[in-house]
Structure formats: structure tokens, C-alpha cells
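Here is a friendly walk through a protein model, written for someone opening it for the first time. Take a look at the picture, then read on.

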Amino acid sequence: MAKDNGNGPAGGYQLPFEKPIFRLERQIAELEGSQAESGRDFSSEIRKLRAQYVSLLKKTYQSLTPWETVLVARHPKRPLGCEYIDRIVKSFVELHGDRRFADDRAIRCGLGRIGTEKVALIVQHKGRDTKEKIACNFGCAHPEGYRKALRVMKLAEKFHLPVVTLIDTQGAYPGVGSEERGVAEAIARNLLEMSRLRTPILCVIIGEGGSGGALGVGVGDRIAILEFAYYSVISPEGCASILWRTGEKASEAAEALKLTARHLKELDVVDEIVPEPLGGAHRSPAEAATNLERFLVRTLRDLKRLGPDELLRRRYDRWRRMGKVIHLELQTAAKS
Amino acid sequence: MAEPQPTNGTKNPYDPTVFEGPQIRKKRDVPDGLWMRCPGCESMLYRKTVAENLEVCPECEHHFRVGGRLRVQQLADPDSFEERFAEIAPADPLEFKWSGKRYADRLKAEQDKSGNTEAILTGIAYIKGRRVALAVMDGDFLMGSMGSVLGEKLSLLIEEATRSSLPLVVVCMSGGARMHEGALSLMQMGKTSAALARFDDGGGLYIAVLTDPTTGGTTASFAMLGDVILSEPGALIGFAGQRVIANTIKSELPEGFQRAEFLMDKGFVDRIVPRKELRSEIAQLIDYLKP
């Protein structure tokens, strides 16, 4: 229950639409408290409330609006990149630095085992406490992060390890140094090289898929997304401030951008949705990690069956299909 | 993107893929009159003189922005441009709406205004007698933003260049990804880069020409992937918008930040080439690398 994982009424971070859920949690806790104190038996009431709680949680999370989904994806208790590494990856060996400028803590790279499979990992990490957040720049990578990722992916290619990337960033860092050191070039280079890397690449958006900063480690054979993560060309706030001329219309923008897992699947931007525990990954990080691990193990096994030529052919076709256009009659086109 | 900018910053500034910087049309002073003022040197210029000078100020060499059709005329040998893939037109895959407006209507308006179906022209052309696959982005069409059509036409052209072993020349001018097509716009960065990877594997020569402005997702994909990257003088080239950066770092941006000269100084542009020398520079590069 909520109380066990730090999301109880006392320490929990409440999303605006979760009020009734928290109210029920509180009632259950109170009943449990008075049961313990008075020795009277409230177990049937508690059972009833728990059933209510579960069905309310289910109902709420089944019908999240796109904006509410964004809020879940940004939930301060949502499991982060490195936490998935801790739960899923055995004997992780981190590899630091891009051999050019620095070691960007917003993207962690290394080697490890997932199930029985040896893999290279590229993991965006936002940081949990203030100190860590500052160290990894709130998950906003600089060019050296993307260059480190490419270096490790090339290493994986050389030694025939599949690559797993976990994506969670608001975007690449918009700063002077970032531009001076060519963040655009770093991302562009990754897109090109990832499209032809001769080893399987598996990408999962675990939280925020913030535009080019996410895509910079997001080209691969299979792109998956956690149920309540989002992936967008621009943040809802940014979109709203440009089109609606006020960042306060973020909720409308989130709706218009079709950035939820379900929409992205319909648009073929993602291949698969990885289910989250009841009420979101933050309610049970362990279960979220188990789901992710199951998906990774299964997909790595699938991709391993393909030879590199077939793999690259399919990867190319997958990316080549991206987008929706119409074909005019030539006569109409000739007018232009 | 193509809308007027808000004065207040957003709370979440991390959206560098979509450019939020200066407007393309703002710089065009008095476009229809006989005279115009140069924003570079403040001189009053006779429009016809500027046009004859390839839309470059004869006084201070300020490069005015040029639309797609005019760029093709300036760059390709006369009447040599065979347009391809013009039949590919934008859909409205998200049925995108905002404050009572619809993307579908907006597209129609842009098409009527420009006479083009989208923000890129693709085809085969000759530059000083050298046959090339040529793509020209059109800043007059929704700020040259990159949507599905741009990605599809450019990818088709790259594939054509791969098959026919033609040098590829792409003139970039773009406000970034087109948010009205959501994540599909973002995916065009991956799609065009994948096509370029195959072109590269096949030994193709790709010359990128960056013009004012080249920003956001365009910069972070094909614009920065040229074997040789040329830029017009003074062009704004960057990933994140300047206002976004200024809001993030909470201080002034350095002098000349994100201009072509700045990028060459930092090592990301091979050469700065004035517009009137573009044709001969491109021809020379082709002769050196892909004769």
C-alpha cells in the first residue's frame, strides 16, 4: 500500500487529480490506527475501503488527460534512470567521459547484464536529491554527454554487445557552453551513427522524452515507452507559450501535441508500451522495474536472432516510414 | 513557432529542438516598396539594386533572407532545376488545433500565400555545369519548419542521390521542428539522418549550406552532418533559441553568439561564403571531392 513506499498522506507528493485517492488513503490509515489503538475490529471496513481505493486508482489512471500524464512523468518520486540500473542490471561497470572534454553526469554509460544478456547501457539520469540533481544538471545533458554515449555505443558495436538506452530528460541543456561545444552537432552525429550501428539498439522512454535531447540517444531498432511517460517535440509549456502565447495553456498544448504513450503508438512513433504498476511507477518502483526488465529481456532475445544486415535493413525501414504525408495528383502539384 | 513571441518566458525552458528565436519575416523591411532600409547599415537601398546583388546589401554585405524559389534561381544554372517530389504534401496527422485555429487551415493559407506545398523544394539541378541533387528550404513557408513532408522529400532526394551517385547540396533555413505535427516532426531528424548515413556509406558527397536562420531540430540533424559545411556570413545557427538560453543562464549572451563566424571560430563550420561566391565554391568542392 501507499504507506509502505513513502507515498502515504504524510510524506507523499500529491498530484492535483489525486486528491480523492489521498483522502481514501488517509481514511484507511486512520481506521488502521484506531483499530490498533482500541483493539476493535474494523477489518471489514478497511477491506471495503481498500477495494474502493484500488478501483479509484485504476479508474483515475486509466483516464488521465495528456497533461496529467505529463505530471505523472515528472512526479518527484518517479523512478529515475540510475534506479532502474540498480534494480535491473547486474554488475554494472560505469564508463566515464567522452575523451574530449568531460564526463557528463546527465547521461550514465557502462556495461552490465540484463537477465543473462551482456549489454551496453546509455541512461539519462535526472538526480534524486538536490546535490545529485545539481551534479547531473537535472538530467539536461551537454554535448559531451551525447559524445560519451556515442563512444560507448561504438565500443558495444566493436565487441558485439546490444545497446539499451533509457531516456528521461526535459531536453539537452540550453546554455552557452552547450552551444559553443556543438550540442546540435553532437545530437546529429548520434542520430546518424545510431541509424547504422551494427548491433541491436533498444530505447525506452522511462519518464520525459524531451525533444532532440531525448532523440539524441533514441534512434534504434525498437522504441518503447512506459505507460505514463511522454515524448514530445516540445514541452507543453513551450508549445503553449508560442501558440497560445501563455505557458498557462500547457494542458491544452499537451492535448494537441498527442504526446502520450497511447497516441505515440497510434502514430507509430513507438513500437511498444511497457505497462506501469497500478497508479504509476512511483507507487511501486520495484514492480515498474520488473515490467521493464521483462520487456528488455524479451526484446533483446528477439533482436539477437537477426543478423546485422537484416537488423540494419529493418531499422532503416522503421525510421524511413516515420511521418504522415499525402500525395497530390501531379497536376495539382504542377501548379505550385 | 510561426506565431508572434510571448513577452513572458515559460517556466520550462528546455525545448531547444523547436526554435523560439527571432521571426523570419521581421527582418524584411518594406518588401514591396521601391526602397528599403538595410538592417545591417541603416542605408536606404534601391530594391532593384539589392535584387541584382542577390539580395545582399551593396553597402555592408548584409545578407537578406531569400525564399526557396529565388534561392534555386540564384544557385542553380538557369532553367536547370528539375523539381522532384512536388506531389508530396502535408497532412494534418494530429488534427492539431490551438486557440480556435487549425493547422489544416494554416497550411492552406501558407500554400496559397507561397504557391508552394511545403517548406522545402527538392530536385536535380546543375551548379556551374555540375549535376547535383539539390534541396532548398523555404523560410517563407511556416518559418522553414521541419514536418513530415520535409523529412520525406529530403529522404527521397538523398536516396535518389545515393542511387545516381550525385553530390547532395542542401540549403538550410529553418526555425526548427514543426510542433503542429508533434513527435512526427521530431522523428524526421532521425529519418533524414538515417538516409544520410546510407548516402555516406555509399561514398556520397554532402555539402550543407547554412543560411539565416538554421536552428533547432534542423541544426541537430542534417544541417550539421555535411561532409563540408558552408555558411553565409552572419547567419544565425544554433540549437536552442537565444531567449531560452538567456532565460536559463540568467545573463547576457556573448557578442556574436550563434552567428556563422562564431560557429566557425568554435569549429563547427568549414567556411563562410558570401552569397555571390556560393556557386563557385560548391563547384570547386565537387571538383575536389567528387569529380
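A salt bridge here is a side-chain nitrogen of Lys or Arg within 4 Å of a carboxyl oxygen of Asp or Glu. Keep that rule in mind, and keep in mind too that this is a predicted model.

**Inside chain B: two domains**

Let's begin with chain B, which is split into domain 1 (32–64) and domain 2 (65–289). Six residues from domain 1 of chain B and nine residues from domain 2 of chain B take part in the contact.

How many salt bridges does the rule find across the interface of domain 1 of chain B and domain 2 of chain B? It finds one salt bridge there. B:Lys276 and B:Glu61 meet through their side chains in a salt bridge, at 3.7 Å from N to O. There are also five residue pairs in polar contact between domain 1 of chain B and domain 2 of chain B, both residues being at pLDDT 80 or more. On the side of domain 1 of chain B that touches domain 2 of chain B, the residues divide into three nonpolar, one polar and two charged.

The size of an interface is often given as the accessible area lost when the parts come together. For these two domains of chain B, that comes to about 680 Å², with 56% of it on carbon and sulfur atoms. B:Leu54, B:His63 and B:Phe64 supply 74% of the area that domain 1 of chain B buries against domain 2 of chain B, more than any other three residues.

**A sheet in chain B**

Chain B also has an open sheet of seven strands, in the order S3-S7-S8-S9-S10-S11-S12, with mixed pairing. At its edges sit strand S3 (82–84) and strand S12 (271–272) of chain B, and each pairs on one side only. S3(B) runs antiparallel to strand S7 (residues 120–127) of chain B, and three bridges join them. One bridge partner to look for is B:Ile124 in S7(B), which goes with B:Glu82.

**Where chain A meets chain B**

Now for the two chains: 63 residues of chain A are in contact with 77 residues of chain B. Together the chains bury about 6,100 Å², 68% of it on carbon and sulfur atoms. A:Leu243, A:Tyr316 and A:Arg320 supply 12% of the area that chain A buries against chain B, more than any other three residues.

Five salt bridges are counted between chain A and chain B, along with 17 residue pairs in polar contact (both at pLDDT 80 or more). Helix H8 (residues 183–196) of chain A gives ten residues, the largest share of the side of chain A that touches chain B. The residues on that side of chain A divide into 34 nonpolar, 15 polar and 14 charged.

The chains share some strand pairing as well. Strand S9 (residues 325–327) of chain A pairs with strand S4 (residues 88–90) of chain B in the antiparallel sense, over three bridges. There, A:Val325 stands opposite B:Pro90 in S4(B).

**Salt bridges to find**

Over all chains, the structure holds 51 salt bridges. Here are some of them:

| Salt bridge pair | N to O distance |
|---|---|
| B:Lys276 and B:Glu61 | 3.7 Å |
| B:Lys266 and A:Glu180 | 3.7 Å |
| A:Glu193 and A:Lys154 | 3.3 Å |

A:Glu193 lies in helix H8 of chain A and A:Lys154 in helix H6 (residues 143–158) of chain A, so this pair ties together parts that are 39 residues apart in sequence.

Conventions. Residues are numbered from 1 along each chain as its sequence is written. Chains are lettered from A and ligands numbered from 1 in the order in which they are written. This is a predicted model: local features need pLDDT of at least 70, side-chain atom pairs count only at pLDDT 80 or more; totals for chains, interfaces and linings use all residues. Side-chain values use heavy atoms; hydrogens and water are left out. Contact means heavy atoms within 4.5 Å. Buried area is the accessible area (1.4 Å probe) that two parts lose on being put together, summed over both. A polar contact is a pair of N or O atoms within 3.5 Å; within protein, one must be able to donate a hydrogen and the other to accept it, and residues adjacent in sequence count only if both atoms are side-chain atoms. Helices (H or I, at least four residues) and strands (E, at least two) are DSSP runs, numbered from the N terminus. Ala, Val, Leu, Ile, Met, Phe, Trp, Tyr, Cys and Pro count as nonpolar, Asp, Glu, Lys and Arg as charged, and the others, Gly among them, as polar. Two strands pair if DSSP finds at least two bridges between them. Domain bounds come from an automatic or database domain assignment.
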